[in-house]
Amino acid sequence: MEFTVRACSGHGRVGSLRLASGLEFETPSLLMITRRGLPVVIPPEMLMDLHPDSRACQFTPMHFLEDPLAAVVAKAGGVHKLASLTGFAMVAVARDSLGNEIAGEEASNLGASFETSSGRRIVGLEKYMEVVNACKPDLWVSLPDEVPHWVPEKRNRESVDHTSQWLDHCLSLQHAEHGNRCLGVVVGAGSLEERARSAEQAATRNVAGFSLAGFGLGEDVAQRGFHLEVAIAKLPNDKLRHVCGLGSPEEVLQAVGAGIDLLDSTYPYMLTKECLAMTFPLKMEVPLRNADRDMQPTPDHGVASGFSLAKVNLRSATYGGGRIDETPLVTGCKCYTCKRHTKVYINQLLNSNETLAQTLLEIHNTYHYLEFFKAIRESIKADKFHEFRTWFTSQRQELGVLSLGNIPRVVSCN
Amino acid sequence: MNWPRALLTDSGGFQMVSLLHLADITEEGVTFQSPVDGKPMLLTPEDSIQIQNKIGADIIMALDDVVKTTTTGPRVEEAMYRTLRWIDRCIAAHSRPHEQNLFGIVQGGLDPQLRDICLEGLVARNLPGYAIGGLAGGEGKDAFWRVVAQCTAGLPEDKPRYVMGIGFPLDIVVCTALGADMYDCVYPTRTARFGSALVSEGVLRLTHAAMATDYRPLDSSCTCMVCKRYTRAYLHTLVTKEAMGSQLVSYHNISHMMQLSRNLHSSILEGRFPEFVQSFLQKQFPKGDVPDWVCNAMDVAGIDISMCRIPQSA
């Protein structure tokens with residue numbers, strides 16, 4: 001595996017990552033979410049052509065802990081072969097972003113607490129590495145003792161100690177023939193000193209990169225920024241940095257701005273579940289008023305004029321009743337959905353409870369998010385990342401849902 | 001839909017049977033109680049055809065008065081005669097006869113005399129195609145195939161025959177042997193959602209514990225994307241747990257039915273249809289326990305399947 005930093009803009013950087021399999025791609029990169037090895041709703045045979053950058057996936061070893069799936073993945077010879085995703089990067093991230101949140105309280109010297117299909121259980125090191133080795137991921141995160149920022153000091157210190165010990169233990173159990181693929185975890189959520197200590201310890205280990213944990217757990221945004229900065233300052237520049245738990249556009253920008261290279265995000269899927277399509281503009285040159293829009297917001301929709309569409313609610317009755325919107329979700333978008341279908345058709349599918357609606361939405365939302373990551377990389381290469389971030393966050397609003405129905409809906413960006 | 005291939009729309013008539021407790025059928029049409037808001041909705045033959053004209057499918061279905069095959073008494077006769085009166089209203093209301101093909105639907109329950117009257121009446125209207133309706137309910141298989149045989153014998157040779165609501169592979173093979181051409185059914189995708197895959201030997205229940213260690217593809221003779229990529233063992237871990245499991249098994253099941261259609265079609269064209277039927281039955285009934293109704297139907301169809309059947313008493 002080779003990782004090379006190619007360009008910088010502030011602390012943000014573009015890198016090229018070449019995996020042992022030969023697959024090469026640019027960072028910062030989005031890892032698409034999978035469950036039991038496969039995308040949640042996108043047909044697997046469509047994944048390759050979804051977008052030029054749709055090559056990297058996240059998976060959770062916790063899904064593969066128990067039989068029969070544990071035996072099945074081992075027999076298949078790894079998760080790539082199991083899910084027929086050879087040619088993709090499969091990155092093992094312990095935290096299940098679609099599943100339950102970290103409880104944080106339970107852990108022992110033997111392992112950390114995770115939600116599995118048979119309930120919450122302690123996952124020990126041997127078991128974790130058995131699953132990691134059976135899955136043969138391109139990159140994998142060491143077993144974390146991840147805690148939220150509000151735990152007592154003692155527990156936080158303990159999590160740093162555990163995580164460091166477990167990193168060493170995981171490294172001792174990794175399969176030598178798979179090479180150096182470990183992302184050493186950095187914790188320390190409650191305290192900047194502990195965060196620095198965790199990063200210092202991880203930095204001395206022989207790892208391919210690092211995974212920053214303990215984020216996306218309700219922490220204050222400014223505090224998060226300090227934690228990212230403090231941790232990354234202790235990490236070598238030439239190794240990969242991943243963060244889990246951060247996925248919204250603002251979180252991505254904050255993480256990339258601090259120097260993160262890889263993120264797994266459920267943001268596209270969260271929108272899909274709410275029947276929302278991602279529509280935010282990607283180019284700084286496009287004016288704030290969405291030029292594609294042929295609908296003018298009216299006062300009873302409660303939207304100020306000049307508002308830029310960030311998301312479109314496809315469930316709105318307006319589609320069936322009043323306006324028939326035969327434009328694609330985003331005019332000019334080259335995704336499978338936008339090349340073929342219209343907003344009114346997706347609205348019809350949603351009203352008929354057809355699962356095709358989710359498939360079409362998820363394809364678009366994933367494509368749009370991959371375009372967002374591409375725009376980020378372009379801005380770094382042009383040394384304009386700060387401008388891009390400022391522009392993007394100023395044109396987005398937290399109450400950023402244009403509801404075309406009677407009840408405005410507020411969607412949190414986590 | 002951006003669907004560049006053929007489309008067929010149903011009339012809404014089937015709802016009469018499946019939502020019967022909500023329906024009041026009169027000469028005018030069918031009154032439903034809307035399941036959404038409880039208000040009465042009337043669907044007349046004219047309404048049905050108008051809506052189907054707007055949707056624009058290549059084949060549209062007449063609104064018929066459908067009764068369950070288990071119904072007995074004068075209601076069956078009433079429904080058959082009303083179907084004939086309604087076909088005239090459908091023909092009159094059809095505003096796009098040169099673009100959309102209106103199929104009539106043969107009714108009459110399980111009564112051969114009623115079916116005959118309906119057949120005669122519909123054939124006289126010289127429609128582009130005909131459906132055999134009112135089956136796929138609770139009737140026994142022996143009654144079912146006899147009605148299909150009677151109808152295919154009474155319908156024109158040069159027009160499509162569409163048996164509505166049929167989807168079990170065995171039923172399709174039998175009906176094809178009896179002279180039918182088209183079928184529709186929710187069965188392949190519905191059974192997929194319950195974790196069952198359609199294979200040459202019959203139905204594979206992926207939820208069964210034995211599947212957990214079965215590393216073969218669903219069907220060894222299937223070339224679909226799912227069979228090329230995934231094992232029974234992996235699919236076993238997905239079905240009933242992930243939507244993707246339903247998606248993948250549905251994909252295979254539809255592919256399986258498409259392959260069955262292609263096999264029926266090409267075996268007939270190539271003059272080896274009896275051999276195909278024999279091979280199909282041998283795979284489905286390796287012990288030779290082909291049901292009586294299938295044997296009787298194949299007898300009438302003129303297909304020799306004696307080699308597929310081992311008498312059970314022997």
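Predicted model: local features only at pLDDT ≥ 70, side-chain atom pairs only at ≥ 80, totals over all residues.
**Exercise 1. Describe the extent of the contact between chain A and chain B, and state which residues of chain A lose the most area to chain B.**

Begin with the residues that take part: chain A contributes 23 residues to the contact and chain B contributes 19 residues. Next comes the area, which is about 1800 Å² buried between chain A and chain B, with 58% of it on carbon and sulfur atoms. On the side of chain A, the residues that lose the most area to chain B are Arg36(A), Glu45(A) and Val72(A), which together account for 28% of what that side buries.

**Exercise 2. Determine how many salt bridges and how many residue pairs in polar contact cross the interface of chain A and chain B, and then characterise the side of chain A that touches chain B.**

The rule finds two salt bridges across the interface of chain A and chain B. One of the residues taking part in a salt bridge is Arg36(A), whose partner is Glu242(B), with 2.7 Å between the closest N and O atoms. Seven residue pairs are found in polar contact across the interface of chain A and chain B, both residues being at pLDDT 80 or more. Turning to secondary structure, the elements of chain A that give two or more residues to the side touching chain B are strand E6 (38-39) and helix H2 (69-76), and H2(A) gives the most, with four residues. By residue class, the side of chain A that touches chain B divides into 14 nonpolar, four polar and five charged residues.

**Exercise 3. Locate the residues of chain A covered by the UniProt annotation "binding site", and decide whether Cys333(A) and His364(A) are buried or exposed.**

According to the unreviewed UniProt entry, the annotation "binding site" covers Cys333(A), Cys335(A), Cys338(A) and His364(A). These residues are spread over 32 residues of sequence, yet they cluster in space, the largest C-alpha distance being 8.5 Å.

Consider Cys333(A), which lies in the loop between strand E18 (311-313) and helix H10 (336-340) of chain A. Cys333(A) counts as buried because its relative accessibility is 13%, and buried means under 20%. Leaving aside neighbours within four places in sequence, Cys333(A) is in contact with Cys338(A), Lys339(A), His364(A) and Tyr367(A).

His364(A), by contrast in position, belongs to helix H12 (residues 356-381) of chain A. With a relative accessible area of 0%, His364(A) is buried. Beyond its neighbours within four places in sequence, His364(A) has contacts that include Cys333(A), Cys335(A) and Cys338(A).

Note on methods: Residues numbered from 1 in each chain as written. Chains lettered and ligands numbered in written order. Heavy atoms only, no water. Contact = heavy atoms within 4.5 Å. Buried area = accessible area lost by both parts, 1.4 Å probe. Salt bridge = Lys/Arg side-chain N within 4 Å of Asp/Glu carboxyl O. Polar contact = N/O pair within 3.5 Å; in protein donor to acceptor, adjacent residues only side chain to side chain. Nonpolar A, V, L, I, M, F, W, Y, C, P; charged D, E, K, R; others polar. UniProt positions renumbered as here; feature names shortened; annotations may be inferred. Buried < 20%, exposed > 50% of the residue type's maximum accessible area, 1.4 Å probe, protein only.
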